[in-house]
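Student: I would like to learn how to read a structural model feature by feature. Could you take me through one?

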Amino acid sequence: MEAYKQEFIGFMVDCQVLKFGDFVTKSGRKTPFFVNTGFYRTGAQLRRLGQYYAKAIHDAYGLDFDVLFGPAYKGIPLTVAATMAISELYDRDIRYCSNRKEVKDHGDKGILLGSPIQDKDRVVIIEDVTTAGTSIQETLPIIRAQGDVTPVGLVVSVDRMERGQGTKSALKEIEEKYGLQTTAIVTMAEVVEHLYNREYQGRVVIDDAMKEAIDRYYEQYGAE
């Protein structure tokens, strides 16, 4: 596993973004782990988060795209942080764009924030975590309405590796339905591999009991 992936897993634990215990997802599933990106709350944390996203984007897509699009609202700081990191790490000036929840009818009119999307643009979409693909269903029509553009892919922070609306993972469903290449900074398999029975910051985050709970969860909700 690449060093930046290992660092990112520890970073999520440190920021309390990745937690283990008893939780319920929006879909009503009882889960032993939970990812809440709302716990990235400082400038230093966003700077590091942007760097991890930049490395994952570079690994998956290189720099062969023009615009990074972050759906409102959580995608707005993600796209800003990641494009700044791409400029810093790879000396490439990628434009950023997000959508508004409501169309603005005065001043800087329209539904988009940041850079306009132009004909022939190649667009990568950035999100926090995708479970059902609802956001992509709303986002792609906005992007495609801007002209003759090519949505290239979707990058998220964590692939939960569980079933979406069918038996396949949400990311796999998005790939097949929309023709997008999807990637994540880390998968939950990588998280478990890195943390299981390994002491981190003076404690074992995933012990035998937690590993058993995670395994049971995937027996019930794991994707094909």
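**Reading the features**

Tutor: Tyr-73 is found in the loop between β3 (67-70) and α3 (75-90). Keep in mind throughout that this is a predicted model.

Student: Which residue does a cis peptide bond join to Tyr-73?

Tutor: Ala-72 is the partner, and omega of that bond is about 0°.

Student: Next, backbone angles. Where is phi positive in a residue other than glycine?

Tutor: One case is Asn-197, with phi near 55°. Another is Gln-201, with phi near 50°. Asn-197 sits in the loop between α6 (188-195) and β9 (199-200), and Gln-201 in the loop between β9 and β10 (203-204).

Student: Are Asn-197 and Gln-201 buried, partly exposed or exposed?

Tutor: Exposed means over 50% relative accessible area, buried means under 20%, and partly exposed is in between. Asn-197 has 45%, so Asn-197 is partly exposed. Gln-201 has 60% and therefore counts as exposed.

Student: At which residues does UniProt place the feature "binding site"?

Tutor: The UniProt entry, which is unreviewed, places that feature at Thr-131 and Arg-160. Both Thr-131 and Arg-160 are in the lining of the largest cavity. The annotation comes from the record, and such annotations may be inferred rather than shown by experiment.

Student: Is Ser-115 buried or exposed?

Tutor: Ser-115 has 13% relative accessibility, so Ser-115 counts as buried. Its place is the loop between β5 (110-114) and β6 (122-126).

Student: Which residues does Ser-115 touch, leaving out those up to four places away in sequence?

Tutor: Ser-115 touches Arg-95, Tyr-96 and Cys-97. With Arg-95 there is also a polar contact of 2.8 Å between the side chains.

Student: How should I think about a nonpolar core?

Tutor: In soluble globular proteins, nonpolar side chains tend to be buried together. Here the largest nonpolar core has 46 residues, of which Phe-8, Met-12, Phe-20 and Val-191 touch the most other members. Helix α2 (residues 43-61) gives the most to this core, contributing seven residues. There is also a second, separate core of 19 residues, which includes Leu-112, Ile-142, Ile-143 and Leu-171.

Student: Which residues surround Val-191, not counting those up to four places away in sequence?

Tutor: Val-191 touches Ile-9, Met-12, Leu-18, Phe-20, Val-186 and Ile-206.

Student: How many residues of α6 are buried?

Tutor: Six of its eight residues are buried, and α6 is mostly covered. The buried residues are Met-188, Glu-190, Val-191, Val-192, His-194 and Leu-195.

Student: What do the buried residues of α6 pack against?

Tutor: They pack against α1 (3-14), β1, β2, β7, β8 (181-187) and α7 (208-221).

Student: How far apart are Val-156 and Gly-222 in sequence and in space?

Tutor: They are 66 residues apart in sequence and 18 Å apart in space, C-alpha to C-alpha.

Technical notes. Residues are numbered from 1 along each chain as its sequence is written. This is a predicted model: local features need pLDDT of at least 70, side-chain atom pairs count only at pLDDT 80 or more; totals for chains, interfaces and linings use all residues. Side-chain values use heavy atoms; hydrogens and water are left out. Helices (H or I, at least four residues) and strands (E, at least two) are DSSP runs, numbered from the N terminus. Buried means under 20% relative accessible area, exposed over 50%, partly exposed in between (1.4 Å probe, protein chains only). A polar contact is a pair of N or O atoms within 3.5 Å; within protein, one must be able to donate a hydrogen and the other to accept it, and residues adjacent in sequence count only if both atoms are side-chain atoms. Contact means heavy atoms within 4.5 Å. On a 1 Å grid over the protein atoms alone, a cavity is a set of points where a 1.4 Å probe fits but cannot get out, and a pocket is an open set with protein on both sides within 12 Å along at least five of seven lines; lining residues have an atom within 4 Å of a point. A nonpolar core is a set of buried Ala, Val, Leu, Ile, Met, Phe, Trp, Tyr and Cys residues joined through side-chain atoms within 4.5 Å.
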